[in-house]
Amino acid sequence: MEAGQLMIEPEIKERFDRFIRDKGLRRTVQRDVIVEAAFSTEDHFTAEQLWEMSRRIDPSTSRATLYRTLGLLVESGLLSEIDLGRDQKYYDPNFVDHPHHNHLICVDCGKVIEFEDDHIETLFDCITRRLGFRPTKKSMRIEACCDQLRKDGICENLLEMRLGKRGPARKATAPSSN
Ligand SMILES: [Zn+2]
Ligand SMILES: [Zn+2]
């Protein structure tokens with residue numbers, strides 16, 4: 001991602017601005033940069049990776065502002081904290097456009113596939129209601145082994161991960177069942 005090529009939906013900016021205003025906070029350039037960075041990607045990222053992305057737009061972005069803004073983004077519901085079964089927390093910017101997506105994660109190479117499925121949705125609802133609850137947030141994580149490493153003995157994703165070029169949470173998309 002290069003600075004200057006950023007595109008984020010105005011709706012996201014508006015929702016965040018409204019949230020900030022309602023909290024009695026001021027809009028700041030630093031915060032805007034971080035929001036821009038977070039929603040200019042469809043990849044899942046760690047706080048550290050978001051800091052790097054933000055610093056590519058504005059090198060003066062401070063870590064303190066990053067953590068504060070990250071907290072606000074999660075609180076506002078725009079960004080979701082997700083558990084990819086790793087020792088770090090990941091953040092997912094894709095729930096705004098795909099509020100019902102789930103994750104399939106390769107335990108070998110870290111590849112993450114997002115998928116949506118109507119049957120799982122129905123199942124979540126049925127189970128939750130049967131137990132007398134009302135579903136609020138539902139997401140499923142499947143850990144599995146992708147075929148590539150087994151078939152080819154080598155996998156681009158694994159290499160990238162070992163070389164540290166990229167975090168393990170790179171996202172690919174799967175066709176929806178809808
Ligand atoms: Zn996701
Ligand atoms: Zn794999």
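This is a short chat about the predicted model shown above.

Q: What are the elements of the chain, from the N terminus on?
A: In this predicted model, the chain has seven helices and six strands, and from the N terminus on they run α-α-α-α-β-β-β-β-α-β-α-α-β.

Q: And how much of the chain is buried?
A: Of the 178 residues in the chain, 24% are buried.

Q: OK, helix H4 next: which of its residues are buried?
A: Leu 66, Thr 69 and Leu 73 are buried in H4, and they lie on the same side of the helix, because the arc they cover around the axis is only 75 degrees.

Q: What span should H4 have, and how far apart are its ends?
A: Helix H4 covers residues 63-75, so at 1.5 Å a residue its 13 residues should span 18 Å, and this agrees with its end C-alpha atoms, which are 18 Å apart. After H4 comes Gly 77, which has a positive phi near 85 degrees.

Q: Switching to strands, how do S3 and S4 run, and how many bridges join them?
A: Strand S3 (residues 102-106) and strand S4 (residues 112-115) run antiparallel and are joined by four bridges, with His 103 standing opposite Glu 114 in S4.

Q: What lies between S3 and S4?
A: The two strands form a hairpin with five residues between them, and in the turn Gly 110 has a positive phi of about 85 degrees.

Key
Residues are numbered from 1 along each chain as its sequence is written. Chains are lettered from A and ligands numbered from 1 in the order in which they are written. This is a predicted model: local features need pLDDT of at least 70, side-chain atom pairs count only at pLDDT 80 or more; totals for chains, interfaces and linings use all residues. Two strands pair if DSSP finds at least two bridges between them. The expected span of a helix is 1.5 Å times one less than its number of residues. A residue is buried if 20 or more other C-beta atoms lie within 10 Å of its own, exposed if 12 or fewer, and partly exposed in between; C-beta atoms are placed from the backbone. The arc is that of the directions from the helix axis to the C-beta atoms.
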